[in-house]
Amino acid sequence: MDGPPVIDLDYVLPLRCEDDTDLAELTGYLRWLSRHVRVLVVDGSSRGRFSRNARLWGDMVHHLPPHDDLVTANGKVAGVITGVRESRAEHVVIADDDVRYDAIGLTRIWNLLQTADLVRPQNFFSPLPWHARWDTARALINRAFGGDYPGTFGVRRSFFLTMGGYDGDVLFENLELIRTVRAHAGREQRALGLYVRRVPPRTERFWSQRVRQAYDDLAQPLRMAAFLAVLPGLAVLVRRHNYGMVGLCAGISMGVAELGRRRAAGRGVFPASCLLYAPAWVLERAVCSWLALAVRLGRGGIRYSGNRIRVSAHSSRQLRRCQPGISGSLAARKPVALCEPSQNGFVAERPHRHKATVALPGSMGRPF
């Protein structure tokens, strides 16, 4: 590190390298980042890649493996908990390796953490290939209904340690973190106007993660039911040759996306062309929701890094019920497991890169 951080903020990046794609670009970002904040890279890569990364980044960041006592099916959670444990600052940014903060964004999230225990910024893709516009439509629809699920959060370290971390045996760990903070009466700030750039995914990675993203919705039953109803409803309309209603529904999806685009000056960040992808995204999610349900009922869970994960995220009710047993230190790193047996029973897994298009880890290349 060239000098002391500009602000008292630690930056935790859980990582697992599977290839060297964009390694130089990531290294450049880490070099810039280390001049502004203290950076902790929790690296669950293979021994050879870990050593290579240590040589490459050792003088810029605090580079370390995940703690051995953290056994999670979702490797990113082990990386996050390790990073928060090792942090020195009270205010900590957790970010996937495709997230690209600027100095203004770092300062803003630091300011918001003065009065919040969890800060949820808003990601946007830049550049914007077609599949990033497609996924931007998803983000806009999410914004219309309250907020998106970003690839980065700000947390207060003391609160995170007190609540005992969060369960790492779930697929949708972002939602698990949010619900765990709420279960502990934490103060959440949805910073819809704090825009943080993400690098778009490779096209093949984008397509490979469609069903897994839909599986996340199993943790939100009303949302899942709505998407499951789309295909039967569309079939009825087509059977009756009511194509006008089909067009109206497509228009409604675009209108909802526009509502999300208008929130918090979003029109200055999200181009209007992304609205055209809203009907396609809704149709995609409708199809993939049925596939995700089939995987859940027929196979007991979805494949993830050699494991099969059953639970998308625990309900707020479950987490509140477990709250009395999870106060204290991070020894309680799997809060729900203290109240009921694990539904996964997996072996330890190193943290993965956490990507925008699936909200889950992946290769060293680009976001999922």
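1. In this predicted model, the contact between helices α10 and α12 brings Arg223, Met224, Phe227, Leu228, Val230, Leu231, Pro232 and Leu234 of α10 against Trp281, Val282, Leu283, Arg285, Ala286, Val287, Ser289, Trp290, Ala292 and Leu293 of α12. Sorted by class, the residues of this contact comprise 15 nonpolar, one polar and two charged. As for the geometry, the axes of α10 (residues 221–239) and α12 (residues 278–299) come within 8 Å and cross at roughly 105°, which makes α10 roughly perpendicular to α12.

2. On the α1 side the contact is made by Leu23, Leu26, Thr27 and Leu30, which meet Arg52, Asn53, Leu56 and Trp57 on the α2 side. By class, this contact of α1 with α2 contains five nonpolar, two polar and one charged residues.

3. Eight strands make up an open sheet of mixed pairing, and their order is β3-β2-β1-β4-β7-β6-β8-β5. At its edges stand β3 (62–64) and β5 (99–100), each of which pairs on one side only.

4. Within this sheet, strand β1 (residues 9–15) can be followed to its partners. With β4 (residues 91–95), β1 pairs in the parallel sense over four bridges, and Tyr11 stands opposite Val93 of β4. With β2, β1 again pairs in the parallel sense, here over six bridges, and the bridge partner of Leu13 in β2 is Val41.

5. Which way do the residues of β2 point, and are they buried or exposed? Arg38, Leu40 and Val42 point one way from the strand, whereas Val39, Val41 and Asp43 point the other way, and all of them are buried. Since six of the six residues of β2 are buried, this strand is largely enclosed by the rest of the structure. A reader inspecting β2 may note that the buried residues include Arg38 and Asp43.

6. Helix α1 lies across β1, β2 (38–43), β5 and β8 (188–198), and runs at about 160° to β1. Helix α4 (residues 103–112), for its part, lies across β1, β4, β6 (118–125), β7 (152–156) and β8, and runs at about 170° to β8.

7. A local point concerns Ser305, which lies in the loop between β9 (302–304) and β10 (307–309). Ser305 is partly exposed, its relative accessible area being 36%. Although Ser305 and Asn74 are 231 residues apart along the chain, their C-alpha atoms are separated by 8.5 Å.

8. Finally, some totals give the context for the points above. The protein contains 13 helices and ten strands, and 56% of its 368 residues count as buried. Among contacts with a separation of 6 or more, 80% are accounted for by residues 24 or more positions apart.

Technical notes. Residues numbered from 1 in each chain as written. Predicted model: local features only at pLDDT ≥ 70, side-chain atom pairs only at ≥ 80, totals over all residues. Heavy atoms only, no water. Contact = heavy atoms within 4.5 Å. Helix = DSSP H or I, 4+ residues; strand = E, 2+ residues; numbered from the N terminus. Nonpolar A, V, L, I, M, F, W, Y, C, P; charged D, E, K, R; others polar. Pairing = 2+ DSSP bridges. Axes fitted to C-alpha atoms, helices over the stretch in contact; angles between N-to-C directions. Parallel < 35°, antiparallel > 145°, perpendicular 65-115°, else oblique. Buried < 20%, exposed > 50% of the residue type's maximum accessible area, 1.4 Å probe, protein only.
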